[in-house]
Amino acid sequence: MLLKRDFLRGSLSPCHSYDTATFLLLGFLIAFYMLAGAAVFSALERSAELQAHRLWKKRLRDFSQDFNISSESLKSLLRHYEEARTAGIRTEPGRALWDIPGAFYFVGTVVSTIGFGVSAPSTTTGKVLIVIYGLFGCPATILFFNLFLERVVSALSLFTTWRHHTGSISSQGKESYGVSKPSVYCIATALFLAVLVVSCVFGLIYSVMEGWSYLESLYFCFVAFSTVGFGDLVSSQREQHENILVYQVANCLMMLFGVCCTNSLFNIISVIIRQGLNGLIKRLNGTCLETS
């Protein structure tokens with residue numbers, strides 16, 4: 001029993017042991033979270049997927065019979081079309097993908113790690129270059145996001161200090177000095193409100209310019225700003241958008257600003273999660289030592 005107590009104290013007391021325990025616990029929770037999410041989304045989406053497969057097979061069969069085309073020839077054409085999508089070929093006309101505005105939109109999705117998948121390099125040189133380009137562009141953008149978060153924290157510190165300073169004067173009749181640091185929950189609340197306002201405002205703009213419903217626009221904002229980038233909804237891709245340079249530029253800036261705010265919010269939430277896990281591990285460690 002004494003050996004067990006000494007082992008627990010020796011293995012869990014150093015800071016790095018808490019970090020290791022946090023790492024393992026977080027990995028377990030993420031795996032469980034992913035399994036639970038997989039079960040939920042499979043239950044929601046699997047039936048629709050099977051129905052879409054059945055409908056697609058029926059349409060292929062009917063098309064082959066109506067126009068007397070073999071199914072193999074039709075599938076070969078569809079494979080060529082899938083290859084052509086990389087070059088920007090669509091069933092409906094869209095704006096150019098590789099003019100200067102289109103290429104700027106592409107590199108914006110690269111450095112922000114959104115990666116919608118609407119456009120991708122088709123040349124060997126382009127594929128090699130994008131690896132080098134992203135190797136420097138992505139870390140630089142992440143650094144910019146971190147510096148943005150530092151500016152937010154500094155601004156909130158100044159505001160908190162001003163509120164504390166004003167309250168001290170009114171209650172005590174004299175000035176008090178010192179910088180008051182905002183709590184992590186205060187920062188998270190401010191960033192959450194910022195992301196909410198940005199998403200609501202930008203969602204309204206996307207709803208008007210893209211013809212999406214407001215709910216679809218809010219969904220796009222989350223997918224884009226969180227850098228998930230499914231690619232089912234992509235802004236500024238319609239043919240008429242090619243002649244609206246202001247919207248093309250504004251779209252890039254809106255997405256980058258939204259990613260900046262959302263990335264900062266995610267960083268703060270990760271700090272809160274880590275604090276919660278550390279507190280849980282310390283309580284578990286204390287319980288183990290008491291029972292031993």
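This is a predicted model: local features need pLDDT of at least 70, side-chain atom pairs count only at pLDDT 80 or more; totals for chains, interfaces and linings use all residues.
Ten aromatic pairs are found in the structure. One of them joins phenylalanine 63 and phenylalanine 67, whose rings lie 4.7 Å apart from centre to centre, with 35° between their planes, a tilted arrangement. Helix α2, which spans residues 15-67, contains both partners; they are separated by four residues, or about one turn of the helix. Phenylalanine 63 has a relative accessible area of 36% and is therefore classed as partly exposed, whereas phenylalanine 67, at 54%, counts as exposed because the threshold for that class is over 50%.

A second tilted pair is made by tyrosine 206 and tryptophan 212, with a centre-to-centre distance of 6.4 Å and an angle of 40° between the planes. Here, both tyrosine 206 and tryptophan 212 are buried.

Attention now turns to the largest pocket. Its volume comes to about 560 Å³, and 23 residues make up its lining. Among these lining residues, Arg90, Glu92, Gly94, Gln237 and Arg238 are the ones nearest the centre of the pocket. By residue class, the lining of the largest pocket comprises nine nonpolar, eight charged and six polar residues.

Terms used
Residues are numbered from 1 along each chain as its sequence is written. Side-chain values use heavy atoms; hydrogens and water are left out. Rings of Phe, Tyr and Trp (its six-membered ring) pair if their centres lie within 6.5 Å; planes under 30 degrees apart count as stacked, over 60 as edge-to-face and the rest as tilted. Helices (H or I, at least four residues) and strands (E, at least two) are DSSP runs, numbered from the N terminus. Buried means under 20% relative accessible area, exposed over 50%, partly exposed in between (1.4 Å probe, protein chains only). On a 1 Å grid over the protein atoms alone, a cavity is a set of points where a 1.4 Å probe fits but cannot get out, and a pocket is an open set with protein on both sides within 12 Å along at least five of seven lines; lining residues have an atom within 4 Å of a point. Grid points are joined across faces, edges and corners, and a volume is the space filled by probe spheres set on the points. Ala, Val, Leu, Ile, Met, Phe, Trp, Tyr, Cys and Pro count as nonpolar, Asp, Glu, Lys and Arg as charged, and the others, Gly among them, as polar.
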